[in-house]
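Subject: Handing over the structure

Dear colleague,

Here is the structure that I promised to pass on to you.

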Amino acid sequence: MKNIPLTKLAALSALLLPASLFAVDAPAPTLTLDLSKPVIKFAPTFYGLMTEEINHAYDGGLYAELIQNRQFKDDAQSPVHWSLVGDTASGSSIALDTTQPVNEAQTVALKLEAKPAGGKPVGITNEGFWGVPVKPDTTYRASFFAKGSADAQLRVGIQNTDGTTTYAQTAVTSISSAWKRYTVTLATAKDAPALSNGRFVITTTTPGTYWFSLVSLFPPTFKNRPNGNRVDLMQELVDLKPAFLRCPGGNYLEGNSPETHFVWKQTLGDIAERPGHMGTWGYRSSDGMGLLEFMEWAEDMGAEPVLAVYAGFSLPTKEHRSGTAIPTGDAMKPYVEEALDEIEYVTGDAGTKWGARRIADGHPQPFPLQYVEIGNEDFVGDAKKTYDARFAQFYDAIKAKYPQLQCIATIPVKSRKADVLDEHHYATSVEMMDLAHRYDKFDRHGPKIFVGEWATRELVETAPDGTVNYARMPWSYKQIPTPSLHAALGDAAFLTGMERNADLIVMNCYAPLFVHDNPGAYQWSPNLIGYDSLRSYLSPAYYVQKMFSAHRGDSTVNQTLTGEPKTFFANATIDHAKGAVYVKVVNLAGTEQPLSINLDGVTAVDAEAQAAILTAPTPGAVNSLAQPDNVKPSTTRFSGLGKQFTHTFPANSLTIIELKIK
Ligand code: AHR
């Protein structure tokens, strides 16, 4: 079947839900489930996660580092996010210094000319990622390279914004004229407050010139991994029970030039060995979240990586409007080698060069790997349509060395038969309602499908007369970091369609995953999970993911949904081991809606069932840092059920009923 254009490319225009979707005199809807007919088994990988460095997803997000611009490379002209602190009237100053590199990776230092007088300290402070979080009874680990002209003592600490309160502090002695790395712990008291806007300071009372490089501060991390991840965000991901992690996905993989793609070899080992690089979303990446960290992140969630390898294509920029494609053949060989080495790092044993390197980096066991994605969205900016040939060169090399791996193409290819095709859908809820049927008649002889990025993007607008319109969200829109209830229901409708086509769709993942919810911190709306430096909150779309994931079952059952309105969506899955059928019903309309449900091919259905419901008084309801629980699922018990029953589903709702069958 010919693929329709990806919805991401659809024209920008305002949308209303067409009135025909809400016809009230149409036949009442009926969902018939026939359990005597064959079921469609889910691929174990069906539900997963996609990730890239966007919206400060890693630095200032999941990666637990608390210092922003720890390498002093974020701006070549000034030490952004750093300032002079303490006795600022003393004539002291700070400036970037590129003449005192620590090593080849840490090439920039912050120079402090300290002229403290009268025992008043002066020093440097970092504002963190829109604040350094202070938590009670918490031990932080700070580390930095330093040297100085004087044999001095430094004080390292965590304070409130204006430095009037110090929550944790320690001394570092014997700063000398040679670079040395210092590591200290900072412990807050049990009665310290929890606040998001603290700051990190290093001060001295000894006049002299001091240099600092790679200044780092970590709170406790998930599973106490050194250089690890933020605990709350990891737990929220684990709760979704993802089967895979697509990493490092999206534009971040490609870079704005071949030089700034995700060069995984520069993300290994001690963070002091990592130069960092410019990302694609307007800010640098520290590369603290490197290849091994991606793999361990997947491992810590009980998920397997879906490894995205650079495919010799970098994004269009103002200077290069059609992107940069490396010519296939000899010029591409180093990039193909880079991909093969990357796979070896992930899966190789001690007898291989890169497997041995992974072991030396601290992970003896190879990681599981089934899928390798070649590139990302290669329909964007590749004016000369080079992907087919690029795909072929990577595919042949990967299959020759790793025949067991499944190769994912990012657009349809003719040169080879891709094992899997990655489709991306960013669409309004109206389009999602169509997309819920996209795969029903899709070609079953072609590649399997990975819906590797998708999300409902729309603006909910209420007119003065109370009419609710659903408008297309412009790509540049950044006011709402996380989606509304109605957008989440668009997601749920699409999920019913994907589940129904589980014979074709082997994986899917919402995107983007994370947003640092602070003006200036994010580039994209909407996103699944929001946070500041201290707190996080879950969007309605997160709850949809969690509800589906918690009720995935092992197969989709044979079913027919008849009648109107077209804003009604349903899918039923079965968990054979539990003897449970999960009926998932989405009502995208602003009015409640009855649905008759028939179960054929079963002996009996328990009269009572547990149900989970996601709804809110208004379709535009969102969660936020201030109101994290505005939209949340609730559970209830339904009674009066049987092989045939009718239930009225609330306006703007997702309901999942857990029927016990015999
Ligand atoms: O998820 C945000 C972006 O959308 C990704 O970087 C890219 O793959 C897609 O265009």
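Strands β10 and β11 form a hairpin with six residues between them, and in the turn Gly-163 has a positive phi of about 80 degrees. Strand β10 covers residues 152–159 and β11 covers residues 166–175, and the two pair in the antiparallel sense over seven bridges; strands here are DSSP runs of E of at least two residues, helices are runs of H or I of at least four, both are numbered from the N terminus, and two strands pair if DSSP finds at least two bridges between them. Within this pairing, Ile-158 stands opposite Ala-168 in β11.

Before going further, please keep in mind that this is a predicted model, in which local features need pLDDT of at least 70 and side-chain atom pairs count only at pLDDT 80 or more, whereas totals for chains, interfaces and linings use all residues. Residues are numbered from 1 along each chain as its sequence is written, and side-chain values use heavy atoms, with hydrogens and water left out.

Some of the backbone deserves a careful look, given that most residues other than glycine have a negative phi and most peptide bonds are trans. Lys-241, in the loop between α1 (231–238) and β15 (244–247), has a positive phi of about 50 degrees although it is not a glycine. Asp-287, in the loop between β17 (284–285) and α3 (291–300), also has a positive phi, near 60 degrees. Is each of them buried or exposed? Lys-241 is exposed, with a relative accessible area of 55%, while Asp-287 is buried, with 3%; buried means under 20% relative accessible area, exposed over 50%, and partly exposed in between, with a 1.4 Å probe and protein chains only.

There are also cis peptide bonds: one joins Ala-511 and Pro-512, with omega about -15 degrees, and another joins Glu-564 and Pro-565, with omega about 0 degrees. Pro-512 is in the loop between β27 (505–508) and β28 (514–516), and Pro-565 lies in the loop between β32 (558–562) and β33 (568–575).

Helix α9 (residues 540–550) has nine of its 11 residues buried, so the helix is largely enclosed by the rest of the structure; among the buried ones are Tyr-542, Tyr-543 and Phe-548.

For the chain as a whole, the secondary structure comes to nine helices and 39 strands, and buried residues make up 60% of the 662 residues.

With best wishes
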